Amino acid sequence: MNNILKTAALVIALAVLPLAPAMPQNKGVIVVANDLPITDYDITQKMNLLKVLGSDTSRMSRKEILQSLINDVVKLAEAKRLNASATTGDVTGQIERIAKNLKMDGDGLISKLKERGVAPEFFRRYVAAQIGFNRVIGISKKQPEKAVV
């Protein structure tokens, strides 16, 4: 009797499965770097950010943008390994400095980025990677045997 119930449940599950909504392809994981998934969405975010920063993304291949994202993940991991990660305050301060150079405040910069398709959390992660990597470079110049870049 127990086997019949299990079989019936499996048949019902398999019959209903095709009715489940499919995951959008643009959100799918493309690659995993240091246990962090990089998705199509991330690639789009990076392309949008590079455009805002003035890069000609039409000359960049998807593979180059993906490699740039992988590099950001590695930068964050290396900064964490060396206890050189950017704090939330560090990131907020850097965003404020960037905004000031553009004659606006941090909220205004975030709004502009949103208008151009860049999610605030993506930008914050990008800034954190740059701060952390700058710290890693500083550590490697002071103690080359400790940092492997």
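In the predicted model, the N-terminal end of helix α2 is capped by Thr 39, a side-chain oxygen of which lies 3.3 Å from the backbone nitrogen of Tyr 41; helices (H or I, at least four residues) and strands (E, at least two) are DSSP runs, numbered from the N terminus. A polar contact is a pair of N or O atoms within 3.5 Å, where within protein one must be able to donate a hydrogen and the other to accept it, and where residues adjacent in sequence count only if both atoms are side-chain atoms. Residues are numbered from 1 along each chain as its sequence is written. Because the model is predicted, local features need pLDDT of at least 70 and side-chain atom pairs count only at pLDDT 80 or more, whereas totals for chains, interfaces and linings use all residues, and side-chain values use heavy atoms, with hydrogens and water left out.

Helix α2 comprises the 13 residues 40-52, which at 1.5 Å a residue should span 18 Å, in agreement with the 19 Å that separates its end C-alpha atoms; the expected span is 1.5 Å times one less than the number of residues. Buried residues of α2 include Asp 40, Ile 43, Leu 49 and Leu 50, buried meaning under 20% relative accessible area, exposed over 50% and partly exposed in between (1.4 Å probe, protein chains only). The cover over these buried residues includes β1 (29-33), β2 (36-39), α3 (62-81), α5 (106-115) and α6 (120-142). Gly 54, which follows α2, has a positive phi near 95°.

Positive phi values also occur in residues other than glycine, namely about 55° at Asn 83 and near 60° at Lys 103. Asn 83 lies in the loop between α3 and α4 (88-101) and is exposed, with a relative accessible area of 74%, while Lys 103, in the loop between α4 and α5, is exposed with a relative accessible area of 78%.

Technical notes. Contact = heavy atoms within 4.5 Å.
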